[in-house]
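Trainee: I would be grateful for a close look at one part of this structure, namely its side-chain packing and the local backbone around it. Please take the points in a connected order.

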Amino acid sequence: MKLTEALRLLQAAPNAPLWRADLVCGFTPLHFATWLHAHLQQRLPARRVGLHTGLFGDWAGNLERAAAARPAAIVAVLEWEDIDPRLGPRQLGGWLSAQRVDIETSAAQRLAQFTVQLGQAAAQAPVTIALPTLPLPPAAHTTPLQMSVWEANLRALLAQFSAQWSQIPGVFLLSSQWVDELSPAATRFDPASCLQTGFPYAKPHAELLASALASLAVPPPPKKGIITDLDDTLWSGIAGEAGPDGVHWDLEHHAQPHGLYQQLLASLAESGVLVAVASKNEPEVVRQVFARPGMCLPAASVFPFQVHWNPKSQSVEAILKAWNIGADSVVFIDDSPMEAAEVAAAFPEIETIRFPTGDARAVWQLLHHLRARFGKSTISEEDRIRSASLRQAAPAVSTDPEAFLAGAEARLEFHFSPGLTDPRPLELINKTNQFNLNGRRLTEDDWRGYLRTPGHFAAVVGYSDKYGPLGKIAVLAGRAEAGELHLDSWVLSCRAFSRRIEHLTLAVLFERFGASAITFDAQATERNQPMRQLWTDLSLPFSPAARLERDAFAALCPALPHQKEIFD
Amino acid sequence: MTDLEARLVRCLQTVFPALAEDQAREASQDTVSAWDSVAMLTLLTVVEEEFGITADYDRVEEFTSFSGLLGYLREHNLA
C-alpha cells in the first residue's frame, strides 16, 4: 500500500463507532503509524479506527500508558534501542568491552521489566508485538561474518524472554521468520532517516511491518474445513492402478512432498480443522492405503470419506452436510484442474486449489498457504474434539429425536461468569452463522466492554452426553431490565443442533432471572435460518419486536430430559 | 492548470484534505497550520510516490510551499 493510498483510505473512514488502538514504540512513528492506521482501518470497515501514539524513546512508559487507556488493541514494536539506547545510532554511549558487558546486564533487566508490563497490559487489551527487526550495531570486536559472544548473548536473552511473552494470554508475537522471508534484512534500516527524524525504517519495511501487525491484531476468520483428493495429492500415484502398496509419500520414492502434505493435514486436524476426503476410487483400496504403516494422516483424523465414482461436487455436498458448515469456510484441494473446476462451478464460495504434484517448491508454498488459511492463536478443547463429536453426531440424525434425547444422557453446564480471557465465547459469536440471533460480530474490545457494563450478563453453555463432550457450544449475552430479559447475542454451535439446547436455555433464563418475558435483538441474516426455525416453533415473528412470554413458552416447550448445572 | 500542477494539487489535498484547489496552489508552511515537520515528510513521500522520484532531502527548505515543490519538479523535467 502506498502512503498516498493509506492517507486516502483514512480520509474515507466511516463515521462509525470508534475502535481505538495504541501504538507502542520508541521511535518517531511517522509513516509507520499512517500505514498501521490504514491497515487496521482496512480490516475494520464498519468501525472508525483511532490510533494513538506515545512519546519518543519511552517504550516502557508508552506501554504502561496504552494499557491504562484500555484500547481495543495494543500494537507494540520493539527495537534493540528500546532494550538499551546504546544499541541504536542516536546515542553515543560507547561500544567498549566494559560498556558491552553493561549493555548485556541492562538488557536483561529491561526485558524482565517488559515481561511484567506485558502481562499487565495484556490483562487490559490484546497486545500484538514485533520483536527487533533492525540489525545490531557493529559494537563487538568480531568481523560482521562472525557472531560475537556479546551478540549471541543478547539474542539468547531476547529469545528467552520472547518465549515467556509468547505464553502470556493475550500477547501475540509477530513471527520473525515471516518478516525475514518478506523483508530483506539489509534494506530495512534507513540510517539517514533515523538520524534526521528518529524514524528508522526504510519505507517498504515499514509498510510490510505495519501490514503484518495489523493482520495479527485483527486476523481474518480462519477457514474451518479442508477437502482433499487422494491420488497424486495425498499420495503419489494412482491407488486403483498401482494397488494399495503402489502409492507413496516418502523420500525413497521421490514422493516426500505428499508426506509433508499429509503431516500438515494431520496437524490441522489436531488443531480442530475438519479434514475430509473426496476421491474417485474404490473404497476398499483407499481403506487399505490408510491402513499402511507410515501413513502420516491417520484415517481417524478424516471425516467423512467420500470415496466413489460420482462427481466430486456430490462428494463436497455430502461433506458440507456432514460438517454442517458453509462452503465459504472450506478449502478444496485436487491435483486435477478439471475436478477443481467442477467443484468451483457448483460451490463458487469454496477456495479451490490445484495440488502442484511434482513441484516441491510449490507444495512447500502450499503448506504455508494452508497454515495461513487455517492458523489460530490458541487451540481450545472444542477444537480437539470437533471431528470426533461430528462423527458421534452422525448416527443421531437418523434416530427418532425423542428416543435419542431421552437416552442421550445429555448434561448441560451454564456458566454465568465467563472469564475475560477465555477466547471461546468470542470465537463462537464470530464464527457461528446458522443459529445466530442477528449475525452481529464483536471485537474483543466490544466483548470486554459488554461484560463490564452494569446490568449486562453473559452465559457460556457446555454440553456433554454419553457419546462424549462437545465442549462450550453456546453463548448468550443480554440484560435484565424491569423484570424482563433482553438478549443481544445468542449463538449455538451447529454441532449441538437437534438437542433442544435452545429450549433448555430459555427455560434456564426464565428460571434464573424470574423474568416475565424475554425480548430478542432478532435480525434475519442470509444464513440464520436454523435460528428462525425456533421462532416458528414458538409461534413468534422473527423480528426485534419479538417478545416471548413466560407462560406462552411453558405451554410450547417440549420435554427437556437434560441434566443441567448452573455456575455463577 | 497544467497536468503537473493538477497532480501536485492532488498531493497536497491528500495530506491536507481541507484545502480547496485554489488554496492548495497558494499553500505554504505559513498559510497551512497543519504543515509541520511530520506533515512535510508525509507530503514529500506522497510527492515521491506520485512522480516516481526520490526527493533531495538536503533541499527540504525549498519544499515549504506549493510553488517551491512545483519548481523542484520542473527541474526534474516533469512538466
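To begin, how many disulfides does the structure hold over all chains?

Mentor: The model is a predicted one, and it holds 0 disulfides over all chains. A disulfide is a covalent bond between the sulfur atoms of two cysteines. Two cysteines may be noted for their surroundings. A:C557 is partly exposed, with a relative accessible area of 21%, whereas B:C11 counts as buried at 2% relative accessibility.

The aromatic side chains come next. Over all chains the count comes to 20 aromatic pairs. One of them joins A:W235 and A:F290 in an edge-to-face arrangement, with 5.9 Å from centre to centre and 70° between the planes. A:W235 lies in the loop between β6 (225-228) and α10 (239-242) of chain A, and A:F290 belongs to helix α12 (residues 283-290) of chain A, so the pair ties together parts that are 55 residues apart in sequence. A:W235 is buried, with a relative accessible area of 0%, and A:F290 also counts as buried, at 9% relative accessibility.

A second pair is formed by A:F457 and A:F513; the ring centres are 4.6 Å apart and the planes stand at 40°, so this pair is tilted. Here too distant parts of the chain are linked, since A:F457 is in strand β13 (residues 456-465) of chain A and A:F513 is in helix α20 (residues 501-513) of chain A, 56 residues apart. A:F457 counts as buried at 9% relative accessibility, while A:F513 is partly exposed at 28%.

A:F513 also takes part in a contact with a charge: A:R512 lies over the face of its ring, at 5.5 Å from the ring centre. The charged end of A:R512 sits over the ring of A:F416 as well, 3.9 Å from the centre of that ring. Elsewhere, A:F435, A:W490, A:F520, A:W535 and A:F542 form one aromatic cluster.

Another arginine, A:R86, is placed in the loop between α4 (80-83) and α5 (97-122) of chain A. Its relative accessible area is 17%, so A:R86 is buried, the cut-off being under 20%. The side chain of A:R86 makes a polar contact with the side chain of A:D102, at 2.9 Å. Leaving aside neighbours within four places in sequence, A:R86 is in contact with several residues, among them A:W95, A:Q99, A:I103 and A:P137.

In the strands, 4 bridges join β9 (residues 330-334) of chain A to β10(A), and the two run parallel. The bridge partner of A:F332 in β10(A) is A:T352. A:T352 and A:R354 make up the uncovered face of strand β10 (residues 351-354) of chain A, while A:E351 and A:I353 make up the covered one.

Finally, the backbone. Most residues other than glycine have a negative phi, and most peptide bonds are trans. Against that background, a cis peptide bond joins A:F303 and A:P304, with omega about -10°; A:P304 lies in the loop between α12 and β8 (305-308) of chain A. A:R70 has a positive phi, near 45°, and is placed in the loop between α3 (59-68) and β3 (73-77) of chain A. A:R70 is partly exposed, with a relative accessible area of 44%. Phi of A:E409 is likewise positive, near 55°. A:E409 lies in the loop between α17 (401-407) and β11 (411-415) of chain A and is exposed, with a relative accessible area of 55%.

Note on methods:
Residues are numbered from 1 along each chain as its sequence is written. Chains are lettered from A and ligands numbered from 1 in the order in which they are written. This is a predicted model: local features need pLDDT of at least 70, side-chain atom pairs count only at pLDDT 80 or more; totals for chains, interfaces and linings use all residues. Side-chain values use heavy atoms; hydrogens and water are left out. Rings of Phe, Tyr and Trp (its six-membered ring) pair if their centres lie within 6.5 Å; planes under 30 degrees apart count as stacked, over 60 as edge-to-face and the rest as tilted. Buried means under 20% relative accessible area, exposed over 50%, partly exposed in between (1.4 Å probe, protein chains only). A charge sits over a ring if NZ of Lys or CZ of Arg is within 6 Å of the ring centre and within 35 degrees of the ring normal. A disulfide is a pair of cysteine sulfur atoms within 2.5 Å. A polar contact is a pair of N or O atoms within 3.5 Å; within protein, one must be able to donate a hydrogen and the other to accept it, and residues adjacent in sequence count only if both atoms are side-chain atoms. Contact means heavy atoms within 4.5 Å. Two strands pair if DSSP finds at least two bridges between them.
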